[in-house]
Amino acid sequence: MARYEELTIDQGTDVSIDIYLTEKDGSSKDLTGFSVAAKMSTRYGVSDSDKIPFDAYVIVPPEDGIINLSLSNAVTDTLNTRKKYVYDVEISYVDSDSNTLIERVLEGLVTVTPSVT
């Protein structure tokens with residue numbers, strides 16, 4: 001089950017969010033061989049073309065269990081400050097049987113604060 005977290009993004013700014021993944025025992029999750037995908041949208045069930053992808057990657061060394069999500073100021077400048085966005089973050093890897101296994105690790109709402117400048 002994914003953890004729920006509300007995010008606040010300042011419109012017109014560069015955004016960088018580090019996510020620290022841990023195992024149940026508190027140790028860092030080893031993300032060697034994992035890939036990351038993260039998107040947000042104004043609602044669930046929209047087509048991919050209506051979703052806003054985060055730039056998402058595993059930070060080196062992958063054994064530290066850190067993921068980075070980012071959005072450029074050009075992207076955040078287009079976000080609507082009168083709407084809430086939903087988002088999620090998934091990690092995936094290919095197992096020894098060539099099956100792609102996907103785990104949602106984070107989800108929630110995004111609020112966008114307006115910019116004056």
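You are looking at a predicted model, in which local features need pLDDT of at least 70, side-chain atom pairs count only at pLDDT 80 or more, and totals for chains, interfaces and linings use all residues. Residues are numbered from 1 along each chain as its sequence is written, and side-chain values use heavy atoms, with hydrogens and water left out.

Three strands form an open sheet in the order 3-7-6, with antiparallel pairing. Strand 3 (15–20) and strand 6 (55–58) each have a single partner strand and stand at the edges, so one side of each has no neighbour in the sheet. On average, neighbouring strands here are turned by 15 degrees against each other, direction ignored; the axes behind such angles are lines fitted to C-alpha atoms, and angles run from 0 to 180 degrees between N-to-C directions. Strands are DSSP runs (E, at least two residues), numbered from the N terminus, and two of them pair if DSSP finds at least two bridges between them. Six bridges join strand 3 to strand 7 (residues 66–71) in the antiparallel sense, and among these pairings Y20 has I66 as its bridge partner.

Next, find strand 4 (residues 35–41), which pairs with strand 8 (residues 84–94) in the antiparallel sense over seven bridges. S41 is bridged to V86 of strand 8. Strand 4 also runs antiparallel to strand 5 (residues 52–53), with two bridges between them, and K39 stands opposite P53 there.

Now to the core. The largest nonpolar core has 26 residues, of which M40 and V89 touch the most other members. Strands 2 (7–10), 3, 4, 7, 8 and 9 each supply at least two of its residues. Such a core is a set of buried Ala, Val, Leu, Ile, Met, Phe, Trp, Tyr and Cys residues joined through side-chain atoms within 4.5 Å.

Y85, in strand 8, counts as buried because its relative accessibility is 4%, where buried means under 20% relative accessible area (1.4 Å probe, protein chains only). Its contacts (heavy atoms within 4.5 Å), leaving aside neighbours within four places in sequence, include M40, I52, L79 and V110. The side chain of Y85 also reaches the backbone nitrogen of N80 at 2.8 Å.

Finally, E107 lies in strand 9 (residues 100–113). Leaving aside neighbours within four places in sequence, E107 is in contact with A2, R3, Y4, E5, Y87 and D88.

Terms used:
Helices (H or I, at least four residues) and strands (E, at least two) are DSSP runs, numbered from the N terminus. Buried means under 20% relative accessible area, exposed over 50%, partly exposed in between (1.4 Å probe, protein chains only). A polar contact is a pair of N or O atoms within 3.5 Å; within protein, one must be able to donate a hydrogen and the other to accept it, and residues adjacent in sequence count only if both atoms are side-chain atoms.
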